[in-house]
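Subject: Structure handover

Hello,

Please find the structure below. My notes on it follow.

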Amino acid sequence: MSSNAKKHFGFSLLATSFLAAIYINHTPDSACDGNLDPHSVAELRGIPSDMLPQLERYKSLSLKDVCQMPQAKLDRAVFKLSNPKPDSPGRAAHFRAQQMSSEDGKINKQNWLQAQEQVQEMRSLVRNDAGLSSAQWTALGPGNIGGRIRSLVFDPTNSDRMIAGSVSGGLWQTTDAGTTWAPINDFMSNLAVSSLVVDPSDSNVYYAGTGEGVFNIHYITGLGVFKSTDGGNTWNSLSQTASNSDFRWVNRLAMSPNGNTLLAATHGGIWRSTDGGNTWTETLSERTNDIDFHPTDNNKAVAGTWEKIYYTEDGGVTWQEATGAPNDGRTEVEYANSSPDTVYASINKDSGEIWRSTDGGQSYSLRNSGTSYLGGQGWYDNALWVNPTDPTQVIVGGIDLWRSNNSGQSLTKISLWYRSPDSAHADHHYIVEHPSFDGTNNKQVFFTNDGGVYRTDDVDTVINSTGWQELNNELGVTQFYSVAVAPDGTIVGGTQDNGTLVYKGDSENWTESFGGDGGYSGADPTDSNYLYGEYVDLQIHRSTNGGISASYIYDAAMADDNPNFIAPFLLDPNNEQRMFGGAEQLWMTSNVKDPSPNWRSIKPSVSSAISAITVEPGNSNVVYIGHNNGQLYKSTNALAATPSWTRIDTASMPGRNLLRIAVANNNTNVVYASFGGFDPDNLWKSEDGGTTWNDVTGTGLESIPSAPIRGIAIHPTNNQRIYVGTEIGVFSSENGGISWSLQNDGPANVSVDELIWQNDTTLIAATYGRGIFRATLFDDDTPESFAFSAQNEAAMGATATSDTITITGINVAVPVSITDGEYSINCAASGFTTDAGTVRNGSQICVRHSTPDAHMVTTTTQLTVGSANASFSSTTLPDRVPDAFTFNAVTSAETNTSYTSNTITVTGIQVPVSVRVANGEYSIGCAANGFTSTEGTIENNQTICVRSNSSTSFETTQTASLTINSTTETFRITTKVQPPSSGGGGTMGFGILALTLLAALRRVRRS
């Protein structure tokens, strides 16, 4: 291979200059002091002289910067300028938008919303499958690298507490001034937080705007505005914003000083709320990026749109366009708090212009142009801060940060992106001072950028690599495209704008092997010193020292072959010397570990870039290739001089970006292919090596939501277990794709771009916004204890159905069987069966059996789930009807006399039943002192009697009623007949009585 074919950059280099340059890692600062000659610097660094002005204008690099910066970083800066393509943030956005688009090239927003809703529903199922359970995912960081942070607020009640908003990693908080960070909510329904504000009238009320709207294409989409009423601990979506497409990208939020008015600068315009975000009114229909309230006047505010500046004097009800400033480029605005008539604007024109207003934002005049402080990408990163105590001190930020002490007239660069973390990271988005900032005793200012959060303790003196403090301690918001793991456990991964990173076991000590944007990754399975990564456009690099450093090994023809921004490459799993790389053609080298690998094309172009590559385990001749247009090819002689390729996708398969291909390790006929787009058919399976295919996304709440599937991992020893990484989290299947569950205790509600195996039981996930996670699988087939409630008094001759229980504590599908009954998973009436089956964590289950046509009979059914058993018993209702009993009636009773019935024995009942009496008393056991009229209970075989008083009249029946349960028997007492009279009548009787008394009186007198 000729030396011309091995050029590593897009521009011509003299051989001697190039050789000199690659040995320069970092030129000593002393060699770059004094008056620098552009020609000498260019010759020293091996670049054309005409490149220097472009590096200053578009990459914010001075002559001294070019002289002393590390060679690898200079190479990448020069490469970007030498290849007339959009800047990396824009290309990254376009690349991911392409992967999220349907066949029509658009993102299906309705399906995106439905996918988010389905995730929330599936979370409630609490399912863990395929060896994964709640505590198995561990975050590995990077905790020291950070990621894109666009917002930062202080807790008004505690200045050590800050909340940061990551554009793809959600909300994070620190309670110790940045010493440590932790996520607030892994599963907030949207993690794309771009703006934060605290209600100045209520320190418990926070608002978060979601979505990143600085791009000209749809990038990371939000879900409106979220609100917290407990100091930022829990968050809820504001419904009107969630359903309004104008709120998909909320770029900035602002609140009036009295907290009564909330303004939102969105992709669609300015929206206003005066009731805490419940209702909103649009007051300006123009894409707006920034908005800022006057520090003391509730009626005044300023706003920067994509090309204009506006002001309001009625609290945002109406807006007027400011005069003087150009209508050109994204604009950031900021009041000078100590002099509110002074307003600054940073405009993305001529690589950055500073304009100032002295009449409260109504008119502006130019203060600075030509400094190129935005570095050619002010549409993406444009930060502005005005010292709240000094209206003449201004800081602006693009790629780097610049300070002015004369109202923007002149600027001094105060950060060097290529020296991070000793200096602030590149690409600045937001600047905020400490709440106690007074310009004298407290000069702390905080900066958010693509590398997380940085602080200076003295904003007056910070410069270059002096005075900066990186605060990314456990702030795990790095955006990874890929991950690979070496035999010794070293992890390597490619990231957006944070290079190719290496992990050796310390989440707070990830190191950079290669800078810029990182893409796909690879690790030699036999030698942990060999790690692979790529810069954009298939520019593959290799480390031979375990990730300490890396250098390019690609062929220039590969980068010129129209690869994707992040192009796939794959180390052959069967031969560590062989590597495949995908552009429009498929490139292969069989000596990738040699000092200069030889690359050749083995598959011709089909006018669509290659997006996925996989090699069959055990057979390197079998290679599968996927393309951006959804085409899928297979070769069975890929190692031949001229391999043949067969297109194997079918007409029913999607015609959109094919993201991943996976072949089962223990059955190579089993192949999966996944696709992009928010569409319902994103996973396909073949069981005959690609001849036929079927959609295996599942149905209902046991399906994968309609979202891009970026990663596939088939269990190494059990091809029925499948794990997929999607735009909205990790899903797993126990049954080869028939049904799916959400691994809701996994990485988070975040895009999972790759899933790989470290070994047969350890799964590693690379997320685009939450770093790297690892889970060690184990089969827990013992459910947490469960029990059915017994049913008493079940109906006779009927069906008794148990209560519903939820199976928890298992992370694999376990067998379920039934004895003497039936069971139903999810308790559907039509789903009862006696057949053995399987049950999963979170499944609901109930059992049933028939009851006998007899009283007080217990029936028992036993359910076995894995190694656990539970019984369901029902007992038919008892016999409560006593056998017939009779009280003997009393006749010829004396009047007004107490009588006691005969004693009866109660029989025929199986449980105690009620006993009560009417018009009398009863006694259980018939003890003389045991009579009562109060209702009680009686049991089988107990004796009872009744007593009652007879009537006071002759020949009258008195009835006492005894009721046992529902059976009533009476005790009747009838008084005797009145005795007959001897005088025959009333007058005669009186006469006899009178004669008798008279005779008695006479006897008394004689005596």
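The lining of the largest cavity is made up of 12 nonpolar, 7 polar and 2 charged residues. Please keep in mind that this is a predicted model.

Cavities

The count is 9 cavities of 30 Å³ or more. The largest cavity holds about 300 Å³ of space. Its lining has 21 residues. W112, I220, T221, E727 and S751 are the ones nearest its centre.

The second largest cavity has a volume of about 160 Å³. Here 15 residues form the lining, and F95, Q99, Y520, R660 and R710 lie nearest the centre. Two elements, α6 (88–99) and β46 (658–663), each give two or more residues to this lining. The top contributor is α6, with 3 residues. By type, the lining of the second largest cavity splits into 6 nonpolar, 5 polar and 4 charged residues.

Nonpolar cores

In soluble globular proteins, nonpolar side chains tend to be buried together. The largest nonpolar core in this model has 42 residues. W235, L683 and V724 have the most contacts inside it. At least two residues each come from α7 (109–123), β6 (193–198), β7 (206–210), β50 (709–714) and β51 (722–726). The largest share is from α7, which supplies 5 residues.

V724 deserves a line of its own. Leaving out residues up to four places away in sequence, V724 touches L683, I704, I709, G711, I712, G729, V730, F731, W740 and L755. Another core, of 28 residues, lies apart from the largest one. Among its members are Y532, Y535, V536 and V592.

The loop between β35 and β36 contains L538. Phi of L538 is near 65 degrees, a positive value in a residue other than glycine. L538 has a relative accessible area of 0%, so it counts as buried.

Other backbone points

E955 also has a positive phi, near 55 degrees, and is not a glycine. E955 sits in the loop between β72 (943–949) and β73 (957–964). Is E955 buried or exposed? E955 is exposed, because its relative accessible area is 52% and the cut-off for exposed is over 50%.

Two cis peptide bonds to note:
- G141 to P142 is cis, with omega about 10 degrees. P142 is in the loop between β1 (137–141) and β2 (149–155).
- S420 to P421 is cis, with omega near 10 degrees. P421 is in the loop between β25 (412–413) and β26 (428–433).

A buried loop serine

S351 is in the loop between β19 (343–347) and β20 (353–357). S351 has a relative accessible area of 8%, so it is buried; the cut-off is under 20%. What does S351 touch, not counting residues up to four places away in sequence? Its contacts are R57, Y58, S372, Y373, L374, G375 and G376.

Best wishes

Methods. Residues are numbered from 1 along each chain as its sequence is written. This is a predicted model: local features need pLDDT of at least 70, side-chain atom pairs count only at pLDDT 80 or more; totals for chains, interfaces and linings use all residues. Side-chain values use heavy atoms; hydrogens and water are left out. On a 1 Å grid over the protein atoms alone, a cavity is a set of points where a 1.4 Å probe fits but cannot get out, and a pocket is an open set with protein on both sides within 12 Å along at least five of seven lines; lining residues have an atom within 4 Å of a point. Grid points are joined across faces, edges and corners, and a volume is the space filled by probe spheres set on the points. Ala, Val, Leu, Ile, Met, Phe, Trp, Tyr, Cys and Pro count as nonpolar, Asp, Glu, Lys and Arg as charged, and the others, Gly among them, as polar. Helices (H or I, at least four residues) and strands (E, at least two) are DSSP runs, numbered from the N terminus. A nonpolar core is a set of buried Ala, Val, Leu, Ile, Met, Phe, Trp, Tyr and Cys residues joined through side-chain atoms within 4.5 Å. Buried means under 20% relative accessible area, exposed over 50%, partly exposed in between (1.4 Å probe, protein chains only). Contact means heavy atoms within 4.5 Å.
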